[in-house]
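Try each task before you read its solution.

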Amino acid sequence: MSALRHLHTSSISGVSFADIDNVFDSEFDIYKIIGTNWKLTTSQGNNLVHVKFLQNGVVYEDYDRAYAYSRESGSTYIQIKAENNEGISIYTDTDADSNASANFEMWLFNFHTSGAAAYGTLSAAGAAQDASTGDITFMHKGNFAPNTEGNFTGVRMVARSGGGNISGKISIYGLRAE
């Protein structure tokens, strides 16, 4: 296996979405994405920050996922399988709060490989603001798969349904299995 190689870092602030394209290519088989301090910067009731993937600049919208989710206010669940067109959730908030943010780590497999099933893993944790209970901590962990073969070229960070603005930092790394 090759060494993990840094490919891209972006700091994003006050936008509804941000695209980082042309970062996945045939040079690497495995990608690692690290996100820090992701949050909503405008109030948008019950909003989420999602990761979606790009195929030559076009947003791909069809994912399967399975999560284990828990948060301090008692909302704990296991989602065995959900078909989703919103993307991979990394942060949940009901009010914009300058003290609330999330960090996440993703591993992506076969994301640029033609003819191979792409899939990924996610771990995310942080603090959120709940309108009824105040600040809460949360954690979710799971797996996801786009419902198409590889050929992904990049990533989009976006607020759910385009509502609200987001900010955070994203770093992308590549690894080659030999």
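**Exercise 1. Aromatic pairs**

Work out how many aromatic pairs this predicted model holds, and classify the pair formed by the rings of Phe 53 and Phe 111.

*Solution.* 

Step 1. The count comes to 11 aromatic pairs.

Step 2. For Phe 53 and Phe 111, the ring centres are 4.7 Å apart and the planes sit at 65 degrees. Plane angles over 60 degrees count as edge-to-face, so that is the label this pair gets.

Step 3. Now place the two residues. Phe 53 belongs to strand 4, while Phe 111 is in the loop between strand 9 and strand 10 (119-130), so this pair ties together parts that lie 58 residues apart in sequence. Both Phe 53 and Phe 111 are buried.

Step 4. Carry on from Phe 111 to Phe 152. Their ring centres are 5.1 Å apart with planes at 40 degrees, so this pair is tilted. It also links distant parts of the chain, 41 residues apart: Phe 152 is in the loop between strand 11 (134-146) and strand 12. Both Phe 111 and Phe 152 are buried.

Step 5. Zoom out. Phe 53, Phe 111 and Phe 152 belong to one aromatic cluster, whose other members include Phe 24, Tyr 31 and Tyr 63.

**Exercise 2. The nonpolar core**

Find out how many residues the largest nonpolar core has and which of them make the most contacts inside it. Then list what Phe 104 touches.

*Solution.* 

Step 1. Start with the background: in soluble globular proteins, nonpolar side chains tend to be buried together.

Step 2. Here, the largest nonpolar core has 38 residues. The ones with the most contacts inside it are Phe 24, Ile 33, Phe 53, Ile 90, Phe 104 and Met 106.

Step 3. Leave out residues up to four places away in sequence, and Phe 104 touches Ile 33, Ile 34, Gly 35, Trp 38, Val 51, Ile 90, Leu 122, Ser 123, Ala 124 and Met 157.

**Exercise 3. Salt bridges**

How many salt bridges does the structure hold, and which parts of the chain does the bridge between Asp 19 and Arg 156 tie together?

*Solution.* 

Step 1. Side chains of opposite charge can pair when their charged atoms come close. The structure holds five salt bridges.

Step 2. Asp 19 and Arg 156 meet at 2.5 Å, N to O. Asp 19 is in strand 2 (residues 17-20) and Arg 156 in strand 12 (residues 154-159), so the bridge joins parts 137 residues apart in sequence.

Step 3. Asp 19 is partly exposed at 36% relative accessibility, whereas Arg 156, at 17%, counts as buried. Arg 156 also lies over the face of Phe 17, 4.0 Å from the ring centre.

Step 4. Next is Glu 105 with Lys 32, whose closest N and O atoms are 3.4 Å apart. Glu 105 sits in strand 9 (residues 102-109) and Lys 32 in strand 3 (residues 30-40), so parts 73 residues apart in sequence get tied together. Glu 105 is partly exposed at 32%, and Lys 32 is buried at 14%.

Step 5. Another of the bridges is Glu 61 with Lys 52, at 2.9 Å between the closest N and O atoms. Glu 61 is partly exposed at 33%; Lys 52 is buried at 11%.

**Exercise 4. A histidine in a strand**

Decide whether His 50 is buried or exposed, and list what it touches.

*Solution.* 

Step 1. His 50 is found in strand 4.

Step 2. Buried means under 20% relative accessible area. His 50 has 1%, so it is buried.

Step 3. Beyond residues up to four places away in sequence, His 50 touches Glu 86, Gly 87, Ile 88, Ser 89, Arg 156, Met 157, Val 158 and Arg 160.

**Exercise 5. Positive phi**

Where do Asn 22 and Asn 56 lie, and what is phi of Asn 22 and of Asn 56?

*Solution.* 

Step 1. Most residues other than glycine have a negative phi.

Step 2. Asn 22 has a positive phi, near 60 degrees. It lies in the loop between strand 2 and strand 3 and is exposed at 65% relative accessibility.

Step 3. Asn 56 has a positive phi too, near 50 degrees. Its place is the loop between strand 4 (47-55) and strand 5 (58-60), and at 62% it counts as exposed.

Terms used
Residues are numbered from 1 along each chain as its sequence is written. This is a predicted model: local features need pLDDT of at least 70, side-chain atom pairs count only at pLDDT 80 or more; totals for chains, interfaces and linings use all residues. Side-chain values use heavy atoms; hydrogens and water are left out. A nonpolar core is a set of buried Ala, Val, Leu, Ile, Met, Phe, Trp, Tyr and Cys residues joined through side-chain atoms within 4.5 Å. Buried means under 20% relative accessible area, exposed over 50%, partly exposed in between (1.4 Å probe, protein chains only). Contact means heavy atoms within 4.5 Å. A salt bridge is a side-chain nitrogen of Lys or Arg within 4 Å of a carboxyl oxygen of Asp or Glu. Helices (H or I, at least four residues) and strands (E, at least two) are DSSP runs, numbered from the N terminus. Rings of Phe, Tyr and Trp (its six-membered ring) pair if their centres lie within 6.5 Å; planes under 30 degrees apart count as stacked, over 60 as edge-to-face and the rest as tilted. A charge sits over a ring if NZ of Lys or CZ of Arg is within 6 Å of the ring centre and within 35 degrees of the ring normal.
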